[in-house]
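Please examine the sequence and the structure shown here before reading the briefing.

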Amino acid sequence: MSVILASKSTARTAVLKGAGVAFETAVSGVDEDSVKTALLAQGQDARAIAEALAELKAVKISRGRAGLVIGADQTLEFEGGLYDKAETLDEARARLRMLRAKPHRLHSAVVVARDGAPIWRELVSATLTMRDFSDQFLEDYLALEGEDALGSVGCYRLEGPGAQLFSKIEGDYFTILGLPLMGLLELLRNHGEVAR
């Protein structure tokens, strides 16, 4: 059997590589924006949307590829709203100002599919509170991170300079990176993809 990660996320790729998992990557081509719009119209919350997107990605790839396909998605919930990745540094600046000195939640879902059907899933959340950083710190941070700030819904990389944005973090590190790992590794062990 083989393991396929249905994601182009550098953070998720690094998490799996770092854990010693042998895998390939494949891009699902799921139109995430239209799916989110439809699910929001149905009254789904940020947690349900993360799980639905993770499942869609895994199932779509697993219909045409043999093996275990890992789909993952992460949503950011803040004061009842759902936020997507910022598209520009100006948008990132506004997002970080909005989150400053307040808590927000990251919902990370992972679904494993085989032969076009989900066989395992996990949905984990983390609460992160940003410190009341100065405007100068924000400008220095964005200058340092540049386009990398646009790679996550929160405009930060916890594994990089983004760690300095926070005063408190409640939750699993891998959840924050977008790929809850412990349960996934157990599943891979059970299927002989990782040594016991």
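The briefing below describes the fold, the cores, the aromatic rings and some individual residues.

This is a predicted model, in which local features need pLDDT of at least 70 and side-chain atom pairs count only at pLDDT 80 or more, while totals for chains, interfaces and linings use all residues. Residues are numbered from 1 along each chain as its sequence is written, and side-chain values use heavy atoms, with hydrogens and water left out.

**Overall fold**

- The chain contains seven helices and seven strands; helices (H or I, at least four residues) and strands (E, at least two) are DSSP runs, numbered from the N terminus.
- Along the sequence, these elements follow the pattern β-α-β-α-α-β-β-α-β-β-α-β-α-α.
- The radius of gyration is 17 Å, close to the 16 Å given by the globule rule for 196 residues, so the chain is as compact as a globular protein of that length. This radius is taken over C-alpha atoms, and the rule is 2.2 Å times the number of residues to the power 0.38.
- Taken along the principal axes, the C-alpha atoms fill a box of roughly 50 × 40 × 25 Å.
- Of the contacts between residues at least 6 apart in sequence, 68% join residues at least 24 apart; contact means heavy atoms within 4.5 Å.

**Surface and burial**

- The chain exposes about 9200 Å², and carbon and sulfur atoms supply 48% of this area. Accessible areas come from the Shrake-Rupley method with a 1.4 Å probe, and for residues only the protein chains shown count as cover.
- Buried residues account for 48% of the 196 residues. Buried means under 20% relative accessible area, exposed means over 50%, and partly exposed lies in between (1.4 Å probe, protein chains only).

**Nonpolar cores**

- In soluble globular proteins, nonpolar side chains tend to be buried together.
- A nonpolar core is a set of buried Ala, Val, Leu, Ile, Met, Phe, Trp, Tyr and Cys residues joined through side-chain atoms within 4.5 Å.
- The largest such core has 24 residues, and those with the most contacts inside it are Leu 96, Met 130, Tyr 156 and Leu 165.
- At least two residues of this core come from each of β3, α4, β6 (117–130) and α5 (135–145). The most are given by α5, with four residues.
- Apart from this core lies another, of 20 residues, including Val 21, Leu 184, Leu 187 and Leu 188.
- Beyond residues up to four places away in sequence, Met 130 touches several residues, among them Leu 96, His 104, Tyr 156, Leu 165 and Phe 166.

**Aromatic rings**

- Five aromatic pairs are found in a search of the whole structure. Rings of Phe, Tyr and Trp (its six-membered ring) pair if their centres lie within 6.5 Å; planes under 30 degrees apart count as stacked, over 60 as edge-to-face and the rest as tilted.
- The ring centres of Tyr 173 and Phe 174 are 5.6 Å apart and the planes are at 70 degrees, so this pair is edge-to-face.
- Tyr 173 is partly exposed at 39% relative accessibility, and Phe 174 is partly exposed at 24%.
- One aromatic cluster is formed by Phe 133, Phe 137 and Tyr 141.
- The charged end of Arg 131 sits over the ring of Phe 137, 4.4 Å from the ring centre. A charge sits over a ring if NZ of Lys or CZ of Arg is within 6 Å of the ring centre and within 35 degrees of the ring normal.

**Residues with positive phi**

- Most residues other than glycine have a negative phi.
- Glu 79, although not a glycine, has a positive phi of about 50 degrees. Glu 79 is in the loop between β3 (68–78) and β4 (81–83), and is exposed at 64% relative accessible area.
- Ala 101, also not a glycine, has a positive phi of about 65 degrees. Ala 101 is in the loop between α4 (89–99) and β5 (103–114), and is partly exposed at 44%.

**A strand residue and the chain ends**

- Asp 73 is found in strand β3 and is buried, with a relative accessible area of 4%.
- Leaving aside neighbours within four places in sequence, the contacts of Asp 73 include Arg 12, Glu 32, Lys 57 and His 107.
- Ser 2 lies in the segment before β1 (3–5); 63 residues separate Ser 2 from Arg 65 in sequence, yet their C-alpha atoms are 9.4 Å apart.
- Ala 195 lies in the segment after α7 (182–190) and is exposed, at 66% relative accessibility.
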